[in-house]
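Colleague: Please take a close look at the aromatic pairs in this model. I would like one connected account of how they are arranged.

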Amino acid sequence: MLESLGRINHPFVRSVAAAATVGSVVTLSTAIIIGFANPKDKSAHQFGVYSSLFGAAAGAVFGFVYTGKDSEDKSSPNISTADSNVWQDWRNFVVVRKVKESEEITSFYLQPEDKGEIPNFQPGQFLTIKLDIPGHNKPVIRTYSLSDYSEKSEYYRLSIKREPAPNGLDVMPGIASNFMHDRIQEGAVIPAKPPNGKFALDVHKSTPAVLISNGVGITPMISMAKACTRLNPQRPVWFIHGARDGQFHAFHDEMMEIAQQNPNLNVHIRYSRPRQEDAGKYQSVGYVDAALVQELCQQEAEYFLCGSTPFIQSVTEGLKAAGVPNNKVFFESFGNQIKTESPKSTQTATQGEEFAEIVFAKSGKTLTWQPSDGTILEFAEANDIDAPFSCRIGVCGTCMCKLREGEVSYQEEPGATIDEGSVLICISQPGSSKLVLDI
């Protein structure tokens, strides 16, 4: 009975069902007792009626408050985004809070404009946002890691680094990041797509996890550390982060608070150029490298890395030299995609066509592509076709579109999850003489 009640989600329906069940049981029981005791006694009949009413009332109350294991399971934390209520396209979010975390990083707290629920996400995933920036004839789309974690999401937090212009290069500074820092204030509305990404931590594993980051790479790592602390505190976790000094170290106090809640969370902070006032905020001086990682965690583990491309390249090469298998190292890089050895064979662009006809179905254009035109995304942009994109390295999945006809050849192995019948145009070229794309 309890198991059946637990499967009924609506409290009033559950209350009626429990009342009917308990009332019936009490009525039958009292009838048997009266039948054997004194079936002609009026007071006995009154006792039976009152007992039945009391049983039904008690059952109704019990049914209303009882949830049962099944109901509890349905409301328990679920870090998967496989939810039928997840929105599919753009949804407006309001910036409800803006917080400066360091000299370079500012956090933006987003809640849905429609006040509806938002799905939880896997720690390590990102959010894709769309910005209407003055001077740009089309929206600027970017992806940013989700930097917080709670058992039931009431907001999404993006912690964004202001990107300056690279030294010695005559190029613009980060368009989206500077716009977010300078122009986006509390109350601003930003369209976003659901959380996504394959760089995610399986919280429920027992294998030790080593979270390694530098700079703004801390954003997905703090989400992973929080998720482990709240959902699987028995799992050993090492949190290793590198920063220039205390001014450029975001979330120091927040991370220390998490560590105090979880005795299995080991935190090590390394500053490359610490100031005198940074005393007590870090454990070592220098740059985070594989030697430090191996020194701190001397057992088999899974390694998660996030940060600048040179940083990731250095640490992954060091871990490989130390004998760590490639399938135990997972990373997300801010910059160009890092090439790694993979057991999977990936069709390369050199296997594609010398010339190909590409039909951009939604745009109503049919064009001839040749290898010098670059990727399909670059070819589309050169012909004034507005195709969505963000990372341009096959990681975020923003450029994914339906392939109606033909094949593509990938220059790199895609990092994003690709829907069946779809392709990523940012890292692909035609692999057949004709392509029909839903763009």
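Modeller: A search of the whole structure finds 9 aromatic pairs; rings of Phe, Tyr and Trp (for Trp, its six-membered ring) pair if their centres lie within 6.5 Å, with planes under 30 degrees apart counted as stacked, over 60 as edge-to-face and the rest as tilted. One of them joins F121 and Y149, edge-to-face, with 5.6 Å centre to centre and 75° between the planes. F121 sits in the loop between β2 (105-112) and β3 (126-131), and Y149 in the loop between β4 (140-145) and β5 (156-161), so the pair ties together parts that are 28 residues apart in sequence. Strands here are DSSP runs of E, at least two residues long, numbered from the N terminus.

The model is predicted: local features need pLDDT of at least 70, side-chain atom pairs count only at pLDDT 80 or more, and totals for chains, interfaces and linings use all residues. Residues are numbered from 1 along each chain as its sequence is written, and side-chain values use heavy atoms, with hydrogens and water left out.

Both F121 and Y149 are buried, that is, under 20% relative accessible area, where exposed is over 50% and partly exposed in between (1.4 Å probe, protein chains only). A charge counts as over a ring if NZ of Lys or CZ of Arg is within 6 Å of the ring centre and within 35 degrees of the ring normal. R392 likewise lies over the face of F389, at 4.6 Å from the ring centre.

Notes:
Helix = DSSP H or I, 4+ residues; strand = E, 2+ residues; numbered from the N terminus.
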